[in-house]
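Please look over the sequence and the 3D structure shown below.

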Amino acid sequence: MYNCQNTLILGSGLSGKAARGLVERLGGHAEILADTRGVELAALGAILPKTSLVIISPGIPIKCGAAEAARRAGLPVISELEFAYSHCRSRLIAVTGTNGKSTTVGWIAHIVKTAGLRGEALGNIGVPFSQRVCDYDERALLALEVSSFQLEGVRTFRAGVSAILNITPDHLDRHGGLAGYTAAKTALYANALPDDRLVINADDTAAGALRPQTGDVYYFSLKQAVRGAYLNGERLLCLGDDLCAVSELPMPGEHNVSNALAAALCCRLSGIGADSVREGLTGFTGAAHRLQTVAKRGNITYIDDSKATNPASAAAAVKAMRAATVLILGGSDKGADFREIFRAMSSYIISVVVCGETRGRILADAAAEGCANICGVRYFREAVRAAERIARGFGGECNILLSPACASFDEF
């Protein structure tokens with residue numbers, strides 16, 4: 001365990017506040033440095049000499065000036081995930097990947113509860129690990145959504161079952177390119193023991209190419225029979241058990257079949273029986289902000305997929321549509337290539353509305369792919385109004401799908 005008697009926390013978001021709560025619960029003192037780029041840096045000279053530990057929130061880069069100063073002073077700099085793990089007594093299923101994390105972790109947590117076990121979904125899904133870690137003992141099974149940002153600052157973190165769903169370009173500005181992003185993701189199993197189970201998507205080019213040096217590796221696939229879980233025709237098979245048909249899953253889209261296979265495999269490898277997994281798979285109501293129907297007004301159905309903050313995720317949502325749809329894209333610029341979305345377009349997408357600082361780049365990528373039914377506005381509120389006008393003019397049942405392919409920075 002880390003000496004948290006005098007802790008400096010970088011970042012004042014949910015994770016930073018949860019870490020402070022855990023420090024205080026353990027009898028230590030925590031000070032939060034909210035602004036790691038501005039005037040508060042001047043206070044470091046006075047703070048660091050009396051600091052025993054630095055905890056960095058996921059929104060703060062691991063190589064920021066404050067973290068570098070702490071390392072030069074010989075202090076351990078760890079993520080909130082690592083700190084919480086150092087006080088964890090429970091069994092863990094940890095899931096990372098570019099897309100599908102929230103859905104898969106939510107599905108796992110539902111299966112855990114269906115099996116009569118204590119546990120919940122924690123981590124990047126919305127409730128920080130630090131906030132709840134001490135509320136569970138060794139009988140619990142916790143599902144953790146783990147981001148590349150959180151994995152930047154781990155030293156000892158490991159889980160009995162770990163899963164990498166996919167690796168596609170995202171957060172390249174933060175990690176310095178795809179190699180850095182992949183390295184952050186694979187930190188998930190860097191500390192694996194020989195008996196730990198590692199779950200990998202055999203269909204994903206980057207993830208499927210990973211070759212962990214330690215751990216018992218299993219796979220999931222929509223395309224081939226593998227050691228683990230796979231789709232056989234329209235049936236989901238896992239470790240030799242026939243679980244259910246694709247039509248019995250509660251959420252549409254091929255990507256959600258893949259998420260279901262991953263969730264089922266993680267739970268079976270954690271000792272949950274096939275009957276409980278089957279019941280949990282078919283009884284899950286879905287993750288918030290993932291192809292979630294949030295309203296229906298007249299002929300218009302509003303679908304919130306705002307968790308889709310990169311092009312690959314938005315492309316998966318587009319492919320899942322089976323009715324006339326107006327798509328809303330755009331937000332903060334992370335340097336992504338949006339052409340993948342327009343290559344995924346079908347006749348169901350009748351129009352696209354783009355907004356935010358990325359609108360110029362999205363419009364250019366749309367033109368390069370021959371997408372003509374598209375318009376650009378400045379703000380998200382304007383995009384919703386424009387999408388409503390288009391949907392009303394369609395004259396029949398129509399979806400408005402928010403699947404932005406970008407971070408929001410609080411616009412939606």
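Predicted model: local features only at pLDDT ≥ 70, side-chain atom pairs only at ≥ 80, totals over all residues.

Residues are numbered from 1 along each chain as its sequence is written, and side-chain values use heavy atoms, with hydrogens and water left out.

**Terms for the helices**

- Helices (H or I, at least four residues) and strands (E, at least two) are DSSP runs, numbered from the N terminus.
- Axes are lines fitted to C-alpha atoms, for helices over the stretch in contact, and angles run from 0 to 180 degrees between N-to-C directions.
- Angles under 35 degrees count as roughly parallel, over 145 as roughly antiparallel, 65 to 115 as roughly perpendicular and the rest as oblique.
- A crossing is left-handed if the near helix is turned anticlockwise from the far one by less than a right angle, and right-handed if clockwise.

**Helix 5 and helix 12**

- Helix 5 spans residues 101-114 and helix 12 spans residues 274-283; their axes come within 8 Å and cross at roughly 130°.
- Helix 5 is therefore oblique to helix 12, and the crossing is right-handed.
- In the contact (heavy atoms within 4.5 Å), helix 5 supplies Trp107, His110, Ile111 and Thr114, while helix 12 supplies Ser276, Val277, Glu279, Gly280, Leu281 and Gly283.
- This contact has 4 nonpolar, 5 polar and 1 charged residues; Ala, Val, Leu, Ile, Met, Phe, Trp, Tyr, Cys and Pro count as nonpolar, Asp, Glu, Lys and Arg as charged, and the others, Gly among them, as polar.

**Helix 5 and helix 11**

- The axes of helix 5 and helix 11 lie 9 Å apart, at an angle of about 45°.
- Helix 5 is therefore oblique to helix 11, with a right-handed crossing.
- Residues of helix 5 in this contact include Trp107 and Ile111, and those of helix 11 include Ala260 and Cys267.
- By class, the contact has 8 nonpolar, 4 polar and no charged residues.

**Helix 11 and helix 12**

- Helix 11 packs against helix 12 at about 150°, with the axes 10 Å apart.
- The two helices are therefore roughly antiparallel, and their crossing is right-handed.
- Ala260, Ala264, Cys267 and Arg268 of helix 11 touch Ala274, Val277 and Leu281 of helix 12.
- This contact holds 6 nonpolar, no polar and 1 charged residues.

**The second largest pocket**

- A pocket is an open set of points on a 1 Å grid over the protein atoms alone, where a 1.4 Å probe fits, with protein on both sides within 12 Å along at least five of seven lines; lining residues have an atom within 4 Å of a point.
- The second largest pocket has 33 lining residues, and Leu222, Glu254, His255, Ser258 and Ala316 lie nearest its centre.
- Helix 13 gives the largest share of the lining, 6 residues.
- The lining divides into 11 nonpolar, 13 polar and 9 charged residues.
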